[in-house]
Amino acid sequence: MTSPPRVESLHPLFERWARRVRRRLALRRVLTGLAWGLAAGGGAAVAAWYLRHGALRPWAALFGVAGALFGLAVALRRRWSDAEVALYLDARLGADEVISTALALEAAPGPSANAEAAIAARAARALGEGDPSRARPRVLARAHGVAPLAGALVAAMSLLPLPPSPPAPPPPPGAERVKLERLAGLDAIIALERLATKTDAERERLKQIAEDAKRLRAGLREGMEQREAQAEIARLRDEIAAERLDLGDQKNRAGLEAAVGALAKNDALKDAAKALGDGDLVDFDQEMQKLANLAEREAREQAKQALEEAEKAARERGAGDVASSLAEQREAFAQREARAEALRELARGLEGHLSEQARRDLEEFGETGSPEAQKRLAESLEQALEGLSPEERKRLAERLQKQMEGEGGAAPSPLTREQIEALARKLADPKGQQELADQMKELARQAPSAGAERQQGLDEAERGGAEAQQGLGATPMPMPGETGGGAPGEKPAPSGNPGGDPSKHPPGGPGSHHDTGRGDHSGSTGEVAGGQLRAKASARVNPGAPLHGATLGRAPGRAGETANQAGTGALGTVGPTELDGVERNQVPEEYREQVGRYFQP
Amino acid sequence: MSDDATSFEARLTEARATGERLKQAIAEVIVGQDAVVEQVLWAMIAGGHVLLEGAPGLGKTLLVRTLASCLDLRFSRIQFTPDLMPSDVTGANVLVMDASGGSTGRFELHRGPIFGQLVLADEINRATPKTQSALLEAMQEHAVTIAGTRHVLEEPFFVLATENPIEMEGTYPLPEAQLDRFLLKVLVPNPSEDELTQIVARTTGHAAAPPTAVLRRAEVLALRELCRDVAVAEPVLRYAARLVGASVPESTSAPELVRRALRFGAGVRGAQSLVLAGKAMALFEGRAHVAFADIARVAPAVLRHRLIRSFEGEADGVTTDQVIEALLAAVPTRPEPVEAALRAS
């Protein structure tokens with residue numbers, strides 16, 4: 001009888017097998033990590049090539065290293081226990097779980113020591129006689145085939161020339177820098193610092209605008225972004241527009257409406273009332289000048305009366321600015337009236353020496369008060385004075401003296417008694433004649449009121465701003481109080497119908513049977529001529545301040561007008577079907593009266 | 001190898017040889033039915049009882065008789081009928097008469113057939129539940145109580161019950177709780193043509209002598225002890241537990257067929273029976289440990305009478321064997337990483 005072959009102790013034998021199994025399993029995981037890491041690296045290399053990060057491409061191989069390390073970490077974390085290894089070996093060696101049972105009995109002995117010894121012996125025999133090649137976990141997997149392919153991809157991508165760069169995107173509109181030695185129109189804005197003002201605060205504001213304009217001019221000399229310059233000039237225009245509209249602001253609006261109403265009672269002052277309502281003090285000043293030039297005393301008195309009433313009405317409604325403008329106008333009216341009288345007086349003195357044209361000018365001056373006729377009359381008088389003989393001059397001086405004495409100095413005259421006496425004395429010598437000629441020119445000169453002068457200065461600045469905008473390549477936005485479609489400086493067209501005759505476009509609501517609106521309802525929109533318009537995407541807009549008018553395109557508000565008024569208004573033409581629209585709409589009963597009153601003309 | 005191991009190996013070898021001898025002895029009488037014989041032997045060694053199910057005339061009774069002859073155990077047979085009383089099974093105390101026919105005033109125990117060592121409960125489903133429960137109590141407790149006195153049955157006590165599946169009229173199907181007491185339910189198949197030819201040839205001549213005893217009572221008990229020494233590793237125990245757990249339709253690990261076709265799965269006795277039967281099988285194969293394959297092999301016989309089909313399963317004609325097949329296919333033997341590595345290798 002042969003003794004059974006000697007078998008080694010189970011545990012060291014099992015440890016040897018287990019190390020082998022675990023090593024191969026770990027290697028498999030490392031290779032899997034390497035393959036997936038290299039696959040990711042290949043993708044990264046392709047991305048780097050596509051994005052033209054040439055230097056980064058070889059570094060994509062590091063993904064493979066990272067993947068392998070990750071695989072190693074996973075292998076260590078998921079390292080098989082002895083029981084798992086034993087089960088694997090049992091299955092691979094066909095040991096019918098004897099190795100697992102033997103290990104389990106080592107850990108927790110069973111009731112029979114003999115059985116344990118027999119099982120351990122069988123397990124050791126199974127391991128000792130087992131073919132190691134049968135119990136090797138497979139290291140290579142199909143997925144590992146990705147590794148060489150991905151490595152080759154990384155290498156290829158690293159060597160491949162980079163694709164050509166795409167053309168650089170065009171710079172954003174307005175981003176180009178402009179450098180201008182002189183920008184037309186800025187001088188008019190800078191001139192605001194010399195403009196006569198009513199208050200110190202206003203002077204400070206205008207001075208600040210002028211300073212900003214100077215700063216812009218300096219910036220343009222050094223060079224700055226076009227859109228930045230455009231934004232700055234637009235802001236300046238907006239501030240100028242705000243200065244121009246101060247009579248129509250919320251504080252003065254009620255008083256302005258009252259004053260306009262008071263003036264409009266007099267038919268002769270209707271145009272003046274409209275000009276005041278528009279906030280156009282220059283036009284208003286010219287209208288008042290015409291009235292002051294009238295020969296008919298009663299008409300002048302009525303005008304003065306209306307001015308006083310308007311001033312009173314404005315003051316009663318708290319519109320101090322409107323009232324002071326009207327008071328200023330009332331004082332100027334008296335002076336203008338005196339000048340016109342002086343001119344007419346002189347004309348009467350030279351009656352025999354006047355030409356036919358001068359007589360017609362005198363007549364027109366008295367009837368219409370036209371400033372043109374006034375100018376022509378002053379020139380005719382100057383020529384008539386030059387043509388006088390010394391004897392005639394002397395007689396003229398005497399007549400002026402007598403006239404003055406006869407009227408007792410009660411008549412309004414621009415010349416005092418002493419002045420007329422001095423003038424009569426000077427008529428005899430050439431120096432005196434020159435003084436008289438200068439006096440004639442002074443009488444012919446238009447003397448606008450301070451408010452009108454201020455308005456004129458602001459208008460000039462506004463036109464300068466528009467001109468500067470054009471100079472910077474922008475399309476100037478029509479500002480409140482400015483002309484609708486004409487060139488800067490022209491008279492504004494009726495609001496809501498820019499540049500057109502309102503009689504040609506009767507009111508009407510779009511979409512109704514009685515639609516008489518002016519829009520094109522054919523269903524197509526024409527091309528907008530805005531080739532030079534640019535969005536100021538990165539303009540430096542102060543987030544704390546409202547957008548300026550050039551951006552908002554706001555419409556001027558006018559006293560006495562509402563949206564529901566037939567004809568033209570601040571919101572455009574109103575159609576007949578839109579009148580009393582509140583009554584036909586679903587406005588809640590409790591709000592109906594309030595909403596209707598708001599829209600009531 | 002140590003002496004302990006050597007002696008244990010010798011016992012294992014002897015056990016294997018004994019099993020082979022037994023099978024050989026039975027095969028001299030019983031033609032074919034090797035699997036049935038093998039499963040009956042597992043149950044005997046594991047200390048469990050067997051429910052044999054098969055059509056009449058397939059040799060169930062002969063198998064039990066032959067086994068009794070081979071094992072040299074006291075054999076008794078109970079033919080279950082509807083009028084069979086529990087005392088007919090267990091026995092009763094009867095009044096002892098004297099020679100003149102008068103009463104002696106003394107009672108004597110008349111032991112019933114249950115006091116045999118190898119009991120054949122023929123057509124067990126024909127008896128009333130009351131009588132069935134008398135038998136089943138003895139099967140579970142290995143003891144009977146008669147007139148308040150408990151009588152321990154002599155070991156080895158081994159019941160083989162038979163059931164006829166085709167004549168269901170007038171029968172009392174065993175309740176599920178009682179079915180659970182049987183370690184195995186063995187299906188006796190119809191013989192093949194060759195086997196049938198051989199059966200006819202053997203049984204139509206002169207009656208053959210009964211087989212000689214191969215195993216004595218003491219040897220049977222020793223085998224049973226040895227069976228208990230067979231070790232089971234924790235992964236194998238877990239596999240048995242997973243199988244039983246997956247047989248419960250409410251379990252998350254239950255296969256779709258289990259959820260659809262079963263109303264109740266196996267319980268704790270099912271898991272115990274799997275391991276015990278696995279041990280017996282390992283022992284007959286000369287091993288001191290149970291393998292996954294042992295559990296899988298004994299699973300049909302152990303589980304088929306413990307799985308209760310649902311109405312849907314019965315309507316669809318799903319058999320419990322089909323369900324067990326699905327369970328074996330769905331429940332993994334080893335942990336997933338090991339299974340994955342084995343698949344990859």
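Let me begin with helix H8 of chain B, residues 217-229, in this predicted model. Helices here (H or I, at least four residues) and strands (E, at least two) are DSSP runs, numbered from the N terminus. H8(B) has 13 residues, and the distance from its first C-alpha to its last is 19 Å, close to the 18 Å expected at 1.5 Å a residue; the expected span is 1.5 Å times one less than the number of residues.

Which residues of H8(B) are buried? They are B:Val220, B:Leu223, B:Leu226, B:Cys227 and B:Asp229. By buried I mean that 20 or more other C-beta atoms lie within 10 Å of the residue's own; exposed means 12 or fewer, and partly exposed lies in between, with C-beta atoms placed from the backbone. Viewed down the axis of H8(B), the buried residues fall within an arc of 165 degrees, so they line one face of the helix. The arc is taken over the directions from the helix axis to the C-beta atoms. The face turned away from that buried side carries B:Ala218 and B:Glu225, which are exposed.

B:Asp229, in helix H8 of chain B, is buried, with 20 other C-beta atoms within 10 Å. B:Asp229 lies 60 residues from B:His289 in sequence, and their C-alpha atoms are 8.8 Å apart in space.

Just after H11(B) comes B:Gly286, with a positive phi of about 80 degrees.

For comparison, I turn to helix H13 of chain A, residues 297-316. Its 20 residues should span 28 Å at 1.5 Å a residue, and the end C-alpha atoms are 29 Å apart, which agrees. The buried residues of H13(A) include A:Arg300 and A:Glu311, along with A:Leu307 and A:Ala310. Down the axis of H13(A), the buried residues fall within an arc of 165 degrees, so one face of the helix is lined by them. On the other side, A:Arg297, A:Glu298, A:Glu301 and A:Gln305 are exposed. After H13(A) comes A:Gly318, whose phi is positive, near 80 degrees.

Now to the chains as a whole. Chain B contains 15 helices and 11 strands, and 44% of its 345 residues are buried. Chain A contains 23 helices and two strands, and 37% of its 601 residues count as buried. Two residues are in contact if their C-beta atoms, placed from the backbone, lie within 7 Å. Among contacts with a separation of 6 or more, residues 24 or more positions apart account for 78% in chain B and for 71% in chain A.

What of the interior? A nonpolar core is a set of buried Ala, Val, Leu, Ile, Met, Phe, Trp, Tyr and Cys residues joined through C-beta atoms within 7 Å. The largest core has 153 residues, of which A:Ile99 and B:Ala277 touch the most other members. Helix H1 of chain A, residues 10-50, gives the largest share of this core, 16 residues. Apart from it lies another core, of 44 residues, among them A:Leu269 and A:Leu326.

How many residues does each chain bring to the contact between them? Chain B brings 28 residues and chain A brings 31. On the chain B side, helices H1, H9, H12 and H15 each supply at least two residues.

Finally, confidence. pLDDT is the predictor's confidence in each residue, from 0 to 100. Chain B averages 86, with 98% of residues scoring at least 70; chain A averages 75, with 71% scoring at least 70. In chain A, the lowest mean, 44, belongs to helix H21 (residues 549-552), and the highest, 92, to helix H2 (residues 62-77). Over residues 482-513 of chain A, pLDDT stays under 50, and the model has 66 contacts there beyond four places in sequence. For the complex, the predictor gives an ipTM of 0.81 and a pTM of 0.55.

As to conventions, residues are numbered from 1 along each chain as its sequence is written, while chains are lettered from A and ligands numbered from 1 in the order in which they are written. Since this is a predicted model, local features need pLDDT of at least 70 and side-chain atom pairs count only at pLDDT 80 or more, whereas totals for chains, interfaces and linings use all residues.
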